[in-house]
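Thanks for making time this morning.

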Amino acid sequence: MSAITCSHVDKAYGATSVIRDLNLSIEEHEFVVFLGPSGCGKSTLLRMLAGLEDISGGEVSIGGKVVNDLDPGDRGIAMVFQNYALYPHMTIFDNIAFGLRRQKVPAAEIRKRVEAVSRTLGLEPYLGRKPAELSGGQQQRVAIARAMIKTPKVFLFDEPLSNLDAKLRNHMRVEIARLHQSLKTTTVYVTHDQLEAMTLADRIVLLKEGVIEQVGSPAEIYRRPGNMFVAGFIGTPNMNFIEVTVGRSGNGWTLTGAGTVLSIGGSAFHLQHGDRAVLGIRPPDLKTADAGTAGILQGTADLIEFHGNDALVTFASGGKEISALVPARECPVLHAPVRYTFEEDSIHLFDATSGASLRKQ
Ligand SMILES: Nc1ncnc2c1ncn2[C@@H]1O[C@H](COP(=O)(O)OP(=O)(O)OP(=O)(O)O)[C@@H](O)[C@H]1O
Ligand SMILES: [Mg+2]
C-alpha cells in the first residue's frame, strides 16, 4: 500500500489555478522531494497533504485512507517549516514536550520520549537551555525533535534549512539523511535547492506551474531529463542548449548549428532529416579536443571562472555562447582558442518546438 496517494488533485484560489490534475504515489519509507522554481506550488501541495490547505478537487489518501476532510491532527503527519518558531520563554525540553503535554501524555512517558528523541538528534546537552542559547542548526534540530516525538507516519518538511548558512545547511542535510536512514519514516521534503534534492531524495518530483514535469530518481532526472525545462533546471553549471538542424548522412546524422557541423550516430534518438532540434550538452561533458579533430565546438575563451579543481570556460561558437567545465590543468588562458568535443552518450536532443526529449524510450 502506498503511504500517500494524490489522485487528480486540483487547487485553485478563486480563478487562479495553482495545482492542476496532479497524480502521484509515494511509497512507504520513501524520501520524496518536491523541487521546482519559486511559485510552482510546492508548499501548497505539501500543505494540502498536511491538511492546512483545502483541496479544490481530487483525492489525497494517507495510509490507504482518504484524508480530504480529515483535520491535520488526525492525519498521522508531522511538519517542519522554514520558520520553525520555537517558544522563546520555554526550555528546549519543554519545547520538545509541548505537543505531548497537550495530548495529556503522562509525565514519565513524556520524559522517556523527549530523552530518546534528544539522544537521536544530539540534543541531550541542551535540554535545560532556552532557544536563544542555541545555534541556528541546534534550533532547527529542536524543531525536528518536536515533529519526531509525535512518531508520525509521515514527515513533511518545507524548506527546513533555508534559514541556515551554507555550512550549517550541508551539516543538517547530512543529519536529515541519517535520520531517515535510521527511522525510515516516509518523508516529503520541499526545496528549490537542487543539491538538497539530489542528495536527499529517493525520488524527485519536479514541478512547474502546478504541473509535474518529471518524477524519477536523482540519477534518472539528471541523465535522462524528459524535456528542456527539466534539463535546464537540474545540473550546475546549467546545460548548454544549441539550436541545430538535423540532416541525414550515411548511416548517421549531422547536427548543424553554432557555426559547426557535428556528426552523431543518433540511434538513441527519434530524428528526421530537416528537423529543427535543440542539442543539450552539460558543461562537464565537453572534453578538450585534440588538434585535427573534426566536428567540434570551438571559439576563443571569453570568460574563465576558476573553481579550484576545475574551471568553467565560456566561449562563443558561431555566435552561440557555450560553457565547458574542464580540469584546472586544461584551463586555457583568456582569449586563447579553445576546441571541445563530446561523447555521444552524454548528449541530449529536444524537439525545438515542444521541448520534449527526442530520446527513444
Ligand atoms: N492564499 C493564496 N491566495 C492566492 N494565491 C496564492 C495563495 N497562496 C499561494 N498562492 C499562489 O500559489 C502559487 C504557488 O505558491 P506556493 O507557495 O505553493 O509556491 P512554492 O512553490 O512553495 O514557492 P516558493 O519556492 O517561493 O516557496 C503562487 O503563484 C502563489 O502566488
Ligand atoms: Mg514554498
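Let me begin with a question: does Gln140 count as buried or exposed, and at what relative accessibility? Before I answer, please keep in mind that this is a predicted model, in which local features need pLDDT of at least 70 and side-chain atom pairs count only at pLDDT 80 or more, while totals for chains, interfaces and linings use all residues. Side-chain values use heavy atoms, with hydrogens and water left out, residues are numbered from 1 along each chain as its sequence is written, and chains are lettered from A and ligands numbered from 1 in the order in which they are written.

Now the answer: Gln140 has a relative accessibility of 0% and so counts as buried, where buried means under 20% relative accessible area, exposed means over 50%, and partly exposed lies in between, with a 1.4 Å probe and protein chains only. If we set aside the neighbours within four places in sequence, Gln140 is in contact with Val80, Phe81, Tyr84, Pro160, Leu161, Leu164 and Met172, contact meaning heavy atoms within 4.5 Å.

Of the 361 residues, 48% are buried, and among contacts with a separation of 6 or more, 65% are between residues 24 or more positions apart.

Let me turn to how H4 packs against other helices. The axes of H4 and helix H5, which covers residues 166–183, come within 10 Å and cross at roughly 25°; axes here are lines fitted to C-alpha atoms, for helices over the stretch in contact, and angles run from 0 to 180 degrees between N-to-C directions. H4 and H5 are therefore roughly parallel to each other, given that angles under 35 degrees count as roughly parallel, over 145 as roughly antiparallel, 65 to 115 as roughly perpendicular and the rest as oblique. The crossing of H4 past H5 is right-handed, a term used if the near helix is turned clockwise from the far one by less than a right angle, anticlockwise being left-handed. On the H4 side the contact involves Gly136, Gly137, Gln140, Arg141, Ile144 and Met148, which meet Leu168, Met172, Glu175, Ile176, Leu179 and Leu183 in H5. Sorted by class, that contact has seven nonpolar, three polar and two charged residues, with Ala, Val, Leu, Ile, Met, Phe, Trp, Tyr, Cys and Pro counted as nonpolar, Asp, Glu, Lys and Arg as charged, and the others, Gly among them, as polar.

H4 also packs against helix H2, residues 92–102, and there the axes come within 7 Å and cross at roughly 30°. H2 and H4 are therefore roughly parallel to each other as well, and H2 passes H4 in a right-handed crossing. Ile92, Asn95 and Ile96 in H2 meet Val142, Ala145 and Arg146 in H4, and the residues of this contact divide into four nonpolar, one polar and one charged.

Next, the aromatic side chains. The structure holds seven aromatic pairs, where rings of Phe, Tyr and Trp (its six-membered ring) pair if their centres lie within 6.5 Å, and planes under 30 degrees apart count as stacked, over 60 as edge-to-face and the rest as tilted. One of them is the tilted pair of Phe31 and Tyr189, at 5.7 Å centre to centre with 40° between the planes. Phe31 lies in strand E3 (residues 31–35) and Tyr189 in strand E8 (residues 186–191), so this pair ties together parts that are 158 residues apart in sequence. Phe31 is buried, with a relative accessible area of 2%, and Tyr189 is buried at 0%.

Finally, what about a residue that counts as exposed? Glu321, in strand E18 (residues 320–327), counts as exposed at 58% relative accessibility. Not counting residues up to four places away in sequence, Glu321 touches Asn240, Thr314, Phe315 and Ala316.

Methods: Helices (H or I, at least four residues) and strands (E, at least two) are DSSP runs, numbered from the N terminus.
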